[in-house]
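Colleague: Hi! I'm new to this one, could you walk me through it?
Modeller: Happy to, here it is.

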Amino acid sequence: MNEERTDAAVAPTVARLAESPEIADFSKQLDDIFFTSSATKSFASDDERRAFRWRWLGRYLDADSDWFYVAVSGNRLVGYLAGAIDDPAQSGRFKDIAYFTEISAETGKYPAHLHVNVVEGFRSGGVGSRLIERFVSDLRAANIRGVHLVTGRHSRNIPFYLKNGFVPVKNITCGASESIMLGRPLNRG
Ligand SMILES: CC(C)(COP(=O)(O)OP(=O)(O)OC[C@H]1O[C@@H](n2cnc3c(N)ncnc32)[C@H](O)[C@@H]1OP(=O)(O)O)[C@@H](O)C(=O)NCCC(=O)NCCS
C-alpha cells in the first residue's frame with residue numbers, strides 16, 4: 001500500500017542557493033513566497049510591482065547571490081533568506097531605502113542585513129531559524145561583525161528574531177511607519 005506523504009513530512013534542507021540542487025520553477029516559487037509574505041499586496045501598475053520585487057528581493061539575487069539561502073522540501077521551495085554583507089548605510093546601493101539613513105550610526109556594528117520568509121504551512125517548524133543560523137555561521141566565517149534587520153515595531157515576527165539572538169537596537173519612524181532595527185553581534189560565541 002502506498003503511504004501518503006505531505007510536503008510538510010519531508011524535512012526541508014537549508015543551503016546556499018548556489019550549492020542547492022536545481023529547483024524546478026525556482027523563480028515562480030520564489031515570487032509566490034515573496035508576494036504572499038509581503039505586507040504590500042496591491043500595486044498601481046506592473047512597473048510598480050516589478051520595482052517592489054527588485055527593491056526587496058531581485059537586487060539580492062543579482063548582487064548578493066552568495067548570500068542567498070533556500071529551504072527546500074522535496075521539489076518545493078519553502079523558504080528563503082536574502083542577505084547582504086556590505087554596510088547598507090555606506091555602500092550607496094541602498095540609497096532608495098530611507099530607513100538606512102536613520103540607522104547609519106548603528107549599521108557599522110551590524111553591517112550585514114537580511115530578509116527572510118517561509119511558506120505558510122511550514123512556519124513555526126524551525127525553518128526560519130535554520131536559515132538564520134546558516135547565514136550567521138557563514139557571516140562568522142567571513143569575519144563580519146554583526147547582522148541586522150528592520151521590521152515593523154509591532155510585528156508578529158519580533159519574538160522570532162529575539163529567540164534567534166537579535167536585540168532591539170533603535171526605533172525608527174519614517175513618515176507614518178514605525179519600525180525597529182534589531183541587531184545580533186557576531187564577534188562573541
Ligand atoms: C518570521 C518567519 C520567517 C519565521 O520563520 P519560521 O520557520 O516560522 O520560524 P521558526 O519556526 O524558527 O520560529 C517560529 C516563530 O516565528 C514567528 N512566526 C510564526 N509564524 C509567523 C507569521 N505568520 N508571521 C510572523 N511571525 C511568525 C513566531 O514568533 C514563531 O514562534 P512560535 O512558533 O512559538 O509562535 C516566518 O514565520 C514568516 O515568513 N513569517 C511571515 C513573513 C515575515 O514576517 N517575514 C519576516 C519579515 S522581517
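Modeller: One term to begin with: two strands pair if DSSP finds at least two bridges between them. Helices (H or I, at least four residues) and strands (E, at least two) are DSSP runs, numbered from the N terminus. This is a predicted model: local features need pLDDT of at least 70, side-chain atom pairs count only at pLDDT 80 or more, and totals for chains, interfaces and linings use all residues. Residues are numbered from 1 along each chain as its sequence is written.

Colleague: Thanks! In what sense do β4 and β5 pair?
Modeller: β4 and β5 pair in the parallel sense, over two bridges.

Colleague: How many residues of β4 are buried?
Modeller: Six of its seven residues are buried, where buried means that 20 or more other C-beta atoms, placed from the backbone, lie within 10 Å of a residue's own.

Colleague: Switching to α4, which of its residues are buried?
Modeller: They are V127, G128, L131, I132, F135, V136 and L139. Just after α4, N143 takes a positive phi of about 65°.

Colleague: Last topic, the ligand. Which residues come nearest?
Modeller: Of the 17 residues around the ligand, R123, S124, G128, S129 and F160 come nearest, a residue being near if its C-beta atom, placed from the backbone, lies within 6 Å of the molecule.

Definitions and conventions: A residue is buried if 20 or more other C-beta atoms lie within 10 Å of its own, exposed if 12 or fewer, and partly exposed in between; C-beta atoms are placed from the backbone.
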